[in-house]
Amino acid sequence: MGCWASVARPTVAAATVARLGVQLPPSARPRPLGPGLSILVHDTIREAGSRGARPVFYPAIGTTSNSCEEARDYYNLYSWEMGFGIRYHRSNKNGCKYRTKMDIVCSCEGRPEKHTSSSCRTQCKAMIRVRRTKDHGWFVSTFVEAHNHPFFESCGENKQWGSHGDIDAGTKDFIRRLRENNVSIGRVCSILGVTDGSSRITIRKEVVRSVCAKLAQDSIKDDIGKTQALLDDMKSNDSAMEVRFNVDAEGSIKSMLWCTGKNRDDFNKFGDVVTFDTTYRTNLYNMPFGLFVGVNNHFQSTVFGGVLLRTEKTEDFVWAFSAFLKIMDGKAPQTILTDQCQAMEAAIKTTIPSARHRWCRWHVLKKAKEYLGHVYSKYSTFKKEFHHLITFVTYPREFELGYKLGGNKYLKRLFKKRSKWAKPYFMGVFCAGMTSTQRSESANHMLKRYIPRSAPMHLFVRKFSEFQFDREDQECKEKHFTKQKTRPFLFNVPIEKHAKDVYTRAMYNRFHHELYEFGAYAIEDTTHNGVFVLVHTDNDGNPAARRTRVTFSEDRSKIDCECGLYEHMGMLCRHALKVLVHLDRRVIPCKNIMKRWTKDATKQTWPRKSGDARRSIFIKKALELANANEIPDDEFLSVLEAIDQANIASAKKANAKGHTSDPHVLPEMVVPLQCPLRPTKRGRPGSTSLRSWEQGVKRKRKNSARKKAPQALTSEDEENPYGGKTRSVQELVI
């Protein structure tokens, strides 16, 4: 039934008239009780016991209220009690534009527009008329109680009237928040108790659905203005945040990339490896959303930035990667992992030539079951051997010998591109332990929990910020566990204590696993100076077994293993740990400790932009220098020269920032005028891979050959002829 104690609020029209200097009449007199039940309802409930057989809420002539809305709500309570619905009808205004009279009638008042139409209108005369008092209150001047139609008795019948399905402003705001958090309409109804028969709530599903549709339409209006206002507000709270737009000739957004100060700081510390992947159906305009994702020192996924693209062509990815590098002050990642998209690969060669590009191994092998299903069923051991080969083998020679093609085209195609996805060829490339874009896939999956499927752009940006805040909260949680929770020593070797002091909790757990595995190896040969040969104890005495060589530098500052785990992940392998424990080393060699995995990796560094911190430090140092008693001339001149050089460098950077020579990145002052048009066709566009293009060419050739074939017009297959029209029954009889 809504909130019966409604409070009059100024409307947009009222605010406009107030700005023009016109004084509007008050819609209600002051409320002495404040928020809550109105005086009228409060007094009626208090006197309900003395009313006898009469209804509790009875709008007798002379009943006063603070506002017209309050009188309507009171009459609505009476109509619910009796079993009918109400609506507003005629009203009068005086010369000062004061509404002085309002008729509130039964929903069955009037007659249908057409005699043949189905309608609830029965020309019912029941009504109340309320008039304004001198102190801007309202009173009931006329009350017609008689109805010419039957009343409704049950709650289910009564709530079908529109007046009994009103949703108050607080409930509407609650529904809006639920919908913005990707809660379905069915669950919204369940949360409100609409589908709960025991709650006796008067709101109907149709009303909730109508409210959701209205909220969605309101959210879409002025989407670009709301997006720009939101981005400006975010930049005012985060001075290091950067936003880039790419617009077309009409001012419509083609691409939008934004990175927060936290994203930029994380990239400065952990941006050596980046995975990039796109996801679909996350916004109103069906624009692909790309995520730059890495891994932090707690082995958690960390977001470096997000980009909305209209299409997935090479020029779109060139713009995205170029803009991303510019925001990150030109720092390029060492390794970038993507799927097999040809457009991405071409863009990476153009914009990030120094990075090592690798394919996501999961994407490469996800269709293995589809192409190798018949092989799996024919050879019972093939699946086990194949997955062991691609998961555990780390030596290229062993991989090539074990990779049996057997004439399979799919396996041949994978083998030709093995350097892009196979694990042995990843071991010498630093990937922070990642061989797939699964972190981007996981981030995209979590993102869809936050963002509704058809979210407008401003809502998408806001929910993406909430998603990033959640990731930051998870990082703080892991920092807390690293400081508070300790893991007991299991092997009690000195190097174990040093690793526990240096590494984060997540990294120490992985180090601990390698420390456990080194027990299965034995040192077979130490004749060469600084070179140790290890063999697995299961293969001890077998001359054909794999031997692993570990080299320890003369200054004992670095240890290398040919397995390549340190180069791939930045952590010592089991073979190197075996040698260190054998030599009774107390600590990990200094050159084998990668700072990105340590507890100190996230210590505060210089601000990325010259803000208050740098300014205060500079002023402090300048005052110390000015208050010094004696300053040698050469030192004073060197300080002035350093300041002049800093000014020149700052001016050059500002000039380059305003007049960029990069043709792919537009100047920062470019502001979009409108959002892209909403697509008529939903879903993911066609694949851009070479294989999909070849399949499309084959289909076109096959279809054209069928159309040109002479037997197409005389096909004997009547249900599926090669070409032309299906012959009719008369033609068959003839």
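This is a conversation about how to read some features of a predicted protein model.

Biologist: Let's start with the overall picture. How many helices and strands does the protein chain have?

Modeller: The model is predicted, and its protein chain has 27 helices and 16 strands. Of its 734 residues, 42% are buried. The accessible surface comes to about 41600 Å², and carbon and sulfur atoms account for 53% of that.

Biologist: What share of the contacts between residues at least 6 apart in sequence joins residues at least 24 apart?

Modeller: That share is 61% in this protein chain.

Biologist: What do the buried residues of α20 pack against?

Modeller: They pack against α21 (505–517) and α23 (574–582). Helix α20 covers residues 494–502, and its buried residues are I495, E496, H498, A499, K500 and V502.

Biologist: Which residues does the "domain: SWIM-type" annotation cover?

Modeller: The UniProt record, an unreviewed entry, places it at residues 546–584. In the model, that stretch is 36% helix and 23% strand, with its end C-alpha atoms 25 Å apart.

Biologist: On to salt bridges. How many does the structure hold?

Modeller: It holds 31. One of them joins R574 and E517, whose closest N and O atoms are 3.8 Å apart. This pair links distant parts of the chain, since R574 is in helix α23 and E517 in helix α21, 57 residues apart. E517 is partly exposed, at 23% relative accessible area.

Biologist: Why are D265 and K269 separated by about one helical turn?

Modeller: Because they sit 4 residues apart in helix α9 (residues 261–270). D265 counts as buried because its relative accessibility is 17%, and K269 is buried with a relative accessible area of 17%; the cut-off for buried is under 20%.

Biologist: Which residues are linked in a network of salt bridges?

Modeller: The network links D173, R176, R177, E180 and R462. Within it, R176 and E180 meet at 3.1 Å, N to O. Both are in helix α5, 4 residues apart, which is about one turn of the helix. R176 is partly exposed at 26% relative accessibility, whereas E180 is buried at 13%.

Biologist: Are N182 and D222 buried, partly exposed or exposed?

Modeller: N182 is partly exposed, with a relative accessible area of 30%, while D222 counts as exposed at 55%.

Biologist: Last one: which residues make the nonpolar surface patch of about 390 Å²?

Modeller: The patch is made by F636, L637, V639, L640 and I643. V639 is found in helix α25 (residues 633–658) and counts as partly exposed, at 33% relative accessibility.

Methods:
Residues numbered from 1 in each chain as written. Predicted model: local features only at pLDDT ≥ 70, side-chain atom pairs only at ≥ 80, totals over all residues. Heavy atoms only, no water. Helix = DSSP H or I, 4+ residues; strand = E, 2+ residues; numbered from the N terminus. Buried < 20%, exposed > 50% of the residue type's maximum accessible area, 1.4 Å probe, protein only. Contact = heavy atoms within 4.5 Å. Areas by Shrake-Rupley, 256 points an atom, 1.4 Å probe, with all protein chains shown as cover. Patch = residues over 30% accessible without salt bridge, like charges linked within 9 Å, V, L, I, M, F, W, Y side chains within 5 Å. Salt bridge = Lys/Arg side-chain N within 4 Å of Asp/Glu carboxyl O. UniProt positions renumbered as here; feature names shortened; annotations may be inferred.
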